Each structure stands twice: as C-alpha cells, then as structure tokens.
Amino acid sequence: MSVIADIAITVLLILGGGFALIGSWGLVRLPSTMERLHGPTKATTLGLGALLLASVVYFQTRLGIWTAHELLISLFLFITAPISANMIAKVHLHRARLGKAHEDDGIAGPPPRPGGDGDWATFEAPKRKTPASTASD
C-alpha cells in the first residue's frame with residue numbers, strides 16, 4: 001500500500017508542479033491581458049489543486065491524519081479564481097471601450113468582429129438608437 005501511495009503522491013506532485021509552471025509561464029509570456037488570464041485561472045488552479053490533493057494523500061497515508069485545510073483551500077481557490085478572472089476581464093473590456101487601455105493584438109489576433117450593423121458582445125460600445133443602447137441623444 002505504501003508503494004501505491006508513494007506513486008500517487010509523486011504523480012500528483014509532478015502533475016501539479018507542471019501545471020503551475022505552465023500557468024505561471026503563460027502569465028508572464030502571453031502578450032495581452034485577456035490572454036494572460038488563462039494562465040492563472042486554468043493551468044495554475046489545476047496545478048495547485050493537484051498539489052493540495054498530494055498533501056491530503058501524504059498526510060493520510062503517512063501520519064493517518066485527515067485534514068480539511070487542503071480541501072478548504074482548494075474550495076476557496078476554485079470559487080475565487082473564476083470570479084476574479086471575470087472581474088479582471090470586465091474591467092479590461094470597460095477600459096478598452098472607453099479608450100483608456102490600449103494593447104496590441106496578442107497571438108490570438110484581433111477580437112472577432114461580426115458582420116452587419118448590430119452590436120456584438122462587449123468589444124464595442126453600443127451604437128445610438130439600438131436596443132442595447134443606454135446612451136441618450
């Protein structure tokens with residue numbers, strides 16, 4: 001049983017460290033704010049989850065202790081990471097709409113622009129006299 005636990009702990013540590021490294025590298029290397037959000041919110045969150053799970057397995061198999069600390073940290077992390085990423089994205093898009101933030105297009109290219117006269121998503125401010133417009137004349 002100890003060999004299986006050692007293998008599980010080792011795999012979780014390597015997997016968690018790899019995801020955390022890739023997520024951190026993406027945070028540093030990706031050029032635009034919207035692309036940088038993916039590193040910490042996806043890869044790093046999975047990496048820290050795997051590291052915390054390795055901690056749970058270690059303490060249970062080696063010391064026979066169940067701890068809820070790691071599970072509470074994981075729960076907090078999985079709840080707060082998407083919410084904070086959503087808030088950062090909204091602020092970035094709002095500042096870009098007002099013209100206060102300018103970034104070169106990242107490796108993903110410019111944001112998609114649909115054809116036609118309608119507004120789309122949050123890439124542009126709504127045009128006057130459209131259903132989405134709150135601007136007054």
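**Ground rules**

I am working from a predicted model, where local features need pLDDT of at least 70, side-chain atom pairs count only at pLDDT 80 or more, and totals for chains, interfaces and linings use all residues. Residues are numbered from 1 along each chain as its sequence is written, and side-chain values use heavy atoms, with hydrogens and water left out.

**Entry 1: overall layout**

I looked up the secondary structure. The protein has four helices and zero strands. I took helices (H or I, at least four residues) and strands (E, at least two) as DSSP runs, numbered from the N terminus. Along the sequence the pattern reads α-α-α-α.

Next I checked burial. Of the protein's 137 residues, 25% count as buried. Buried means under 20% relative accessible area, exposed means over 50%, and partly exposed is in between, with a 1.4 Å probe and protein chains only.

Then I looked at contacts, meaning heavy atoms within 4.5 Å. Among contacts with a separation of 6 or more, 57% come from residues 24 or more positions apart.

**Entry 2: α1 against α3**

How do α1 and α3 pack? Helix α1 covers residues 2–29, and its axis lies 7 Å from that of α3, at an angle of about 160 degrees. This makes α1 roughly antiparallel to α3. For axes I used lines fitted to C-alpha atoms, for helices over the stretch in contact, with angles from 0 to 180 degrees between N-to-C directions. Under 35 degrees counts as roughly parallel, over 145 as roughly antiparallel, 65 to 115 as roughly perpendicular, and the rest as oblique.

I noted the hand as well: α1 and α3 cross left-handed. Left-handed means that the near helix is turned anticlockwise from the far one by less than a right angle; clockwise is right-handed.

I sorted the contact of α1 with α3 by class and got 16 nonpolar, nine polar and two charged residues. Ala, Val, Leu, Ile, Met, Phe, Trp, Tyr, Cys and Pro count as nonpolar, Asp, Glu, Lys and Arg as charged, and the others, Gly among them, as polar.

G47 is in helix α3. I find G47 buried, at 0% relative accessible area. Leaving aside neighbours within four places in sequence, G47 touches G16, F19 and A20. The C-alpha atoms of G47 and L13 are 8.6 Å apart, across 34 residues of chain.

L51 is also in α3. Its relative accessibility is 27%, so L51 counts as partly exposed. With neighbours within four places again set aside, L51 is in contact with L12, L13, G16 and G17. The C-alpha atoms of L51 and T10 are 9.9 Å apart, and the two are 41 residues apart along the chain.

**Entry 3: α3 against α4**

I moved on to α3 (residues 38–63) and α4 (residues 69–98). Their axes come within 9 Å and cross at roughly 175 degrees. That makes α3 roughly antiparallel to α4. The contact residues divide into 10 nonpolar, five polar and one charged. On the α3 side they include T41, T45, L48 and F59; on the α4 side they include E70, L77, F78 and A81.

I then picked out T45, which lies in α3. Is T45 buried or exposed? T45 is buried, with a relative accessible area of 5%. Beyond four places in sequence, T45 is in contact with P40, L77, F78 and A81.

**Entry 4: aromatic rings**

I searched the whole structure for aromatic pairs and found one. The ring centres of Y58 and F59 are 5.3 Å apart and the planes stand at 75 degrees, so the pair is edge-to-face. Rings of Phe, Tyr and Trp (its six-membered ring) pair if their centres lie within 6.5 Å; planes under 30 degrees apart count as stacked, over 60 as edge-to-face, and the rest as tilted. Y58 is partly exposed at 37%. F59 is partly exposed at 29%.
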